[in-house]
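Please open the structure in your viewer and keep the selection tool at hand. The stops below say what to select next and what can be found there.

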4 protein chains.
Amino acid sequence: MILVIKNDKKNQMDKLIKWIAGQGLDIHMSEGANTTVVGLIGDTSKIDIDLISSLEIVESVKRISEPYKKANRKFHPNDTVVSVAADRDSPQTGNAAAKKPVQIGGKAFTFIAGPCSVESRDQIVGIALAVKKSGASILRGGAFKPRTSPYAFQGLGEEGVKLLIEAKKESGLPIVTEIMNAGQLPLFQDVDIIQIGARNMQNFDLLKEVGRSKKPILLKRGLANTVEEWLMSAEYIMSKGNENVVLCERGIRTFEPLTRNTLDLSAIPLIKELTHLPVIADPSHASGLSRLVLPLSMAAAAAGSDGLMIEVHNDPTNALCDGAQSIRPEQFDEVARKVGAVLAAIGRERG
Amino acid sequence: MILVIKNDKKNQMDKLIKWIAGQGLDIHMSEGANTTVVGLIGDTSKIDIDLISSLEIVESVKRISEPYKKANRKFHPNDTVVSVAADRDSPQTGNAAAKKPVQIGGKAFTFIAGPCSVESRDQIVGIALAVKKSGASILRGGAFKPRTSPYAFQGLGEEGVKLLIEAKKESGLPIVTEIMNAGQLPLFQDVDIIQIGARNMQNFDLLKEVGRSKKPILLKRGLANTVEEWLMSAEYIMSKGNENVVLCERGIRTFEPLTRNTLDLSAIPLIKELTHLPVIADPSHASGLSRLVLPLSMAAAAAGSDGLMIEVHNDPTNALCDGAQSIRPEQFDEVARKVGAVLAAIGRERG
Amino acid sequence: MILVIKNDKKNQMDKLIKWIAGQGLDIHMSEGANTTVVGLIGDTSKIDIDLISSLEIVESVKRISEPYKKANRKFHPNDTVVSVAADRDSPQTGNAAAKKPVQIGGKAFTFIAGPCSVESRDQIVGIALAVKKSGASILRGGAFKPRTSPYAFQGLGEEGVKLLIEAKKESGLPIVTEIMNAGQLPLFQDVDIIQIGARNMQNFDLLKEVGRSKKPILLKRGLANTVEEWLMSAEYIMSKGNENVVLCERGIRTFEPLTRNTLDLSAIPLIKELTHLPVIADPSHASGLSRLVLPLSMAAAAAGSDGLMIEVHNDPTNALCDGAQSIRPEQFDEVARKVGAVLAAIGRERG
Amino acid sequence: MILVIKNDKKNQMDKLIKWIAGQGLDIHMSEGANTTVVGLIGDTSKIDIDLISSLEIVESVKRISEPYKKANRKFHPNDTVVSVAADRDSPQTGNAAAKKPVQIGGKAFTFIAGPCSVESRDQIVGIALAVKKSGASILRGGAFKPRTSPYAFQGLGEEGVKLLIEAKKESGLPIVTEIMNAGQLPLFQDVDIIQIGARNMQNFDLLKEVGRSKKPILLKRGLANTVEEWLMSAEYIMSKGNENVVLCERGIRTFEPLTRNTLDLSAIPLIKELTHLPVIADPSHASGLSRLVLPLSMAAAAAGSDGLMIEVHNDPTNALCDGAQSIRPEQFDEVARKVGAVLAAIGRERG
């Protein structure tokens, strides 16, 4: 960390120097014509950059080392591969090979697909079997739904989780669904991946709770959050002992009104550089337009994403929520095929 | 709600018309050369605008009436005045007049002040007495702190709440502090206003829980949230029975790096127009620069804010968190005085 | 265009109705419980949506048809292919086949490459020959440079244009370079494509001037401009008679600090839907990070871009400007090869 | 300027060190466990921060001193007061006192008012006399209009400038109007302040041209421009010899759809700190809503603005452009009165 000290306040530096030393850090000073630069050497991850900037004698502060550690590729150069160890004893998956855990990260590219909301047994089982056939290896489906309006459908809740578990049994696909508060954790015992939605990316208490679990966590990027803040939220989970974190880019809020959010694909290769955690993309929520799912899926794969999470619905017209983002199973099949061609071109395996 | 139907899909409209009728709405159609416009008449607040936009035959959708009702000034033209009925039997407040509840909204302008974090009994009581003397009528202080980093100070927690309650007793000032999950509610029994922080503005489960309480709720705007989404979050609280909601503008995220966030003062008069709920401003968090607190406080008052929430610390240099935003008691006194002059100029009382 | 009229102002509608009729438009009215909706039928492209919104009786306005016409795919369903008819009598290009014009749009995918700034004859000729070998069919290079600081290198100017023309002769590659004011047009006689930079996207007088030229125009998206505004700027050029417009997505400004701008790849398939004009992507300027050029180039190709504009420099360390974005010729060769593989996977030809 | 060097590239630093020395700068090095920090001491305003960041061995760069000099308050601590020396021999202004130049900056607060577009002699003279009576000391009016659509009214052009000059003669008010290209300069001989619009804030060639003039320049902030970029554009003008620059905050582009732009009032006190140039606010364009002009005007005055630029129209309904933003003369009178009360409260004179 580097502090730039105002020259006319240099004589007030003693207290600061003492405080820094009290934090167990070494100091390196460098005086210029108009400013004095103080370098803090040691573990500065606990230093509050806002506190430092607040000091009247400080003109500006620059962090040199990233504030995240467990998520930092510098200290963990190898890719983390998250194993989704679903119990896969299902009618559809009799052989041993199929019982291998699904992996996210590393060489494999993973398709996660399913409806915005779980609506009925027929719906979720039907979609599960359809997307599995097209190459999806994980089933998604919303049971607890974060909705902007209190009057909108809020999901089937516990009943939705049960239906997902049935679809898992029928299809052999592990399942991912969103948690909205820590009190719901007991209901997630048979859920394979717990999703933290964009709106809860900085719900730090919830992050701590799922960090105490051992289950893989799918952590969506918040609409207004920087890549660094996102990694700090992953760090929250990891700091409690759970290192099975999968990041999911799903668009950030910008001024462009034609898409719901702006999918930030630059974040994909950046994330691969900054962290060892796997990262996938969600083109459905990012754009809010089902006709952009195909091109954005191919683009995300080409940009180095470790997988895709795509909304698939058997009858978009009657979807109870977010139908705008959903494609039908036959369209998902086309997406999976065309993304597969891109993966082959860049030399990547399908998970 | 108005739907614009693509002309080449007009023949597929029957199913949609039936679905709309099934929602209990009337329909008004209007055919142009290239598009057909369908007007939905009736209570469209439960209609999912995303679902509608998703239909292949729909080119675009426009909501005509606001999706919030209880928060809507159209249906509640009079200003809501939130009464903060603190128990005010304190050494400092012997007389009956002082026991009147503090009010937010209406004619009064309310100063809320206090430290970012509660640190010790001396600190919080000292600040409480100081800001009260300068004109603050509510004490703020953080006990549970949402911090970007898991390694940063997370607040004193339950102990912090207790210290706040002691400061309340000593000063006679009602208190406001942030809740981070519904499980903390029992600890908030003697807290007068429950704050929902910016990062939890769309933590819908928490909104529902505090909606079941009767306590006044201070609802901060999320960093990436529109005014309409903010009012929808107020609606969540109100829909559960708690209409004591105070809105707090605290800056939105933009590309400008010199300030932490951009205080959106246009939102103040807009909010006064759209809703009957009171709205205050938080210049400390918005800018992240203590030297901008004075000009932004005066500006917020001039723009029609119902109050201010200002961070005050007795020794910013040693504040354990967010010290950058804090001003000292003597500076708060100047802010209160100068804002008072602006209030007098615009003909507004101080609460 | 649809106007929503406030119900309590309905009695003042006569003047408005008369004004609309005076614009040669038909009117369709529809009365609801709280609002009256007025539909304007006919050519509303000249109607000022801001003027209409300003009327006290109007609650809101929604445009139903796009305000651009010549750029609108609805009226020109076939892809526009822009022919870059460079004079190609060069030592390197003796045969007739090589004299075919380069095309942008349609089936072909076009690589444009070259340095940020033209610095010397050796530099620009050397890069031209290198990128041509790797598959670039157009040479870029800055002569007049828009720089944030008046103290930064502003480009070689007229001398830079001359050097570009020499590189064109040596390599047979048509050239593109940025114009900064209409007075420079005479210097652009031998330039094949005139570039309008992001900062000039709404320099309407310059758009009109290049619209009177017949040369292909490369129109970059402004940092804060919506897709619709971008198409309106294309419309400015086209409205003066020049329909040879190539759009170039180069990132928009967001809150994310790790990249200079956020490349908006969703805009690529959206643009292909809304307009018949070709669209390419510039990953170099978008991210400002040379190590992101490869993944973003592959992503842009996968998303349906008609080409790429990439900065290539023979010695980035000594580049006089924007070196951060530049890759070396051998890295460009890798980009071209890997993008080629993606193009093959999606069934697209290389131009 | 501080460079952070990657530790595994430290052995490649020699070339960089030599290059820095070649720029006439001194170097100060400081080695830590993971990084080496290089401080550049001397005049770094010509150093290209992007070039430096591009070097493979550089992890990050931080500028310590601002890149602007002539606009920098550090080197010019006293407020610049821009004198608008209108020729004021008009029927209405016979006495000597009235011939004093209007001043912007310093103690005075200046009202600039007038229509979006000049439409007719009667209109502009009528408004000039009305706003003068209410306290405006400068008349604004658009002759050349930057419009998003090529089909929208583009202003009366040269005829509009002539009508403005007539209104100046009639009213004695100096005039300000927008220039759109340097070729129009001869027409601006009798214009007192030349306005550079938001869309041309980084039209660097135009900035240089008006920098060669001696006339006061009103420089609007671009919709996507940071405060630092804005000051760099002021620096462009000043570097050519014209130090009469008045800055005008008019809103930045954010995700909030209810207002056209978000007025960034934090920028006002920041600007006063960073530069000695005067700064005013334009609440009309910022919000795009005439009913927000009053509260935002009062807020801007309270935040320390040196003046206001407000659109006033005698018949908003029939305004040919941007009528949405315009208030009528009687409303402007109220704005001037109420802003006057705020100015009195903060101890500021009216110009």
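Begin by selecting residues 2–6 and 35–41 of chain A, which are strand S1 and strand S3, and which pair in the antiparallel sense over five bridges. Strands here, like helices, are DSSP runs numbered from the N terminus, with at least two residues (E) for a strand and at least four (H or I) for a helix, and two strands pair if DSSP finds at least two bridges between them. Within this pair, A:Lys6 stands opposite A:Thr35 in S3(A). Strands of a sheet pair through backbone hydrogen bonds, either parallel or antiparallel.

Before moving on, note that this is a predicted model, in which local features need pLDDT of at least 70 and side-chain atom pairs count only at pLDDT 80 or more, while totals for chains, interfaces and linings use all residues. Residues are numbered from 1 along each chain as its sequence is written, and chains are lettered from A and ligands numbered from 1 in the order in which they are written.

Now widen the selection to the whole sheet in chain A, an open sheet of four strands in the order S2-S3-S1-S4 with antiparallel pairing. Strand S2 (26–31) and strand S4 (58–62) of chain A stand at the edges with a single partner strand each, so one side of each is left without a neighbour in the sheet. Neighbouring strands of this sheet are turned by 20° against each other on average, direction ignored; such angles run from 0 to 180 degrees between N-to-C directions, and the axes are lines fitted to C-alpha atoms, for helices over the stretch in contact.

Stay in chain A and select residues 204–212, which form helix H5; seven of its nine residues are buried, so this helix is largely enclosed by the rest of the structure. A residue is buried if 20 or more other C-beta atoms, placed from the backbone, lie within 10 Å of its own, exposed if 12 or fewer do, and partly exposed in between. The buried residues of H5(A) are A:Phe204, A:Asp205, A:Leu206, A:Leu207, A:Glu209, A:Val210 and A:Gly211, and they pack against strand S10 (193–196), strand S11 (217–220) and helix H6 (227–239) of chain A.

Next go to chain B and select residues 13–22, helix H1, which is hardly covered, with one buried residue among its 10 residues. H1(B) is followed by B:Gly24, whose phi is positive, near 80°.

In chain B, select helix H5 (residues 204–212) together with helix H6 (residues 227–239), which pack at an angle of about 40° with their axes 7 Å apart. H5(B) and H6(B) are therefore oblique to each other, given that angles under 35 degrees count as roughly parallel, over 145 as roughly antiparallel, 65 to 115 as roughly perpendicular and the rest as oblique. The contact (C-beta atoms, placed from the backbone, within 7 Å) is made by B:Phe204, B:Leu207, B:Lys208, B:Val210 and B:Gly211 of H5(B) and by B:Ser233, B:Tyr236, B:Ile237, B:Met238 and B:Ser239 of H6(B).

Further along chain B, select helix H9 (residues 293–302) and helix H10 (residues 329–345), whose axes come within 9 Å and cross at roughly 25°. That angle makes H9(B) roughly parallel to H10(B). On the H9(B) side the meeting residues are B:Val293, B:Leu294, B:Ser297, B:Met298, B:Ala301 and B:Ala302, and on the H10(B) side they are B:Glu334, B:Val335, B:Lys338, B:Val339, B:Val342 and B:Leu343.

Turn to chain C and select C:Met238, which is found in helix H6 (residues 227–239) of that chain. Is C:Met238 buried or exposed? With 23 C-beta neighbours inside 10 Å, C:Met238 counts as buried. Leaving aside neighbours within four places in sequence, C:Met238 is in contact with C:Lys70, C:Ala71, C:Gly211, C:Glu243 and C:Val245. The C-alpha atoms of C:Met238 and C:Gly211, 27 residues apart along the chain, are separated by 6.1 Å.

Finally, show chains C and A together, where 33 residues of chain C are in contact with 33 residues of chain A. Helix H7 (267–274), helix H9 (293–302) and helix H10 (329–345) of chain C are the elements that give two or more residues to the side of chain C that touches chain A, and the largest share, six residues, comes from H9(C).

Key: Two residues are in contact if their C-beta atoms, placed from the backbone, lie within 7 Å.
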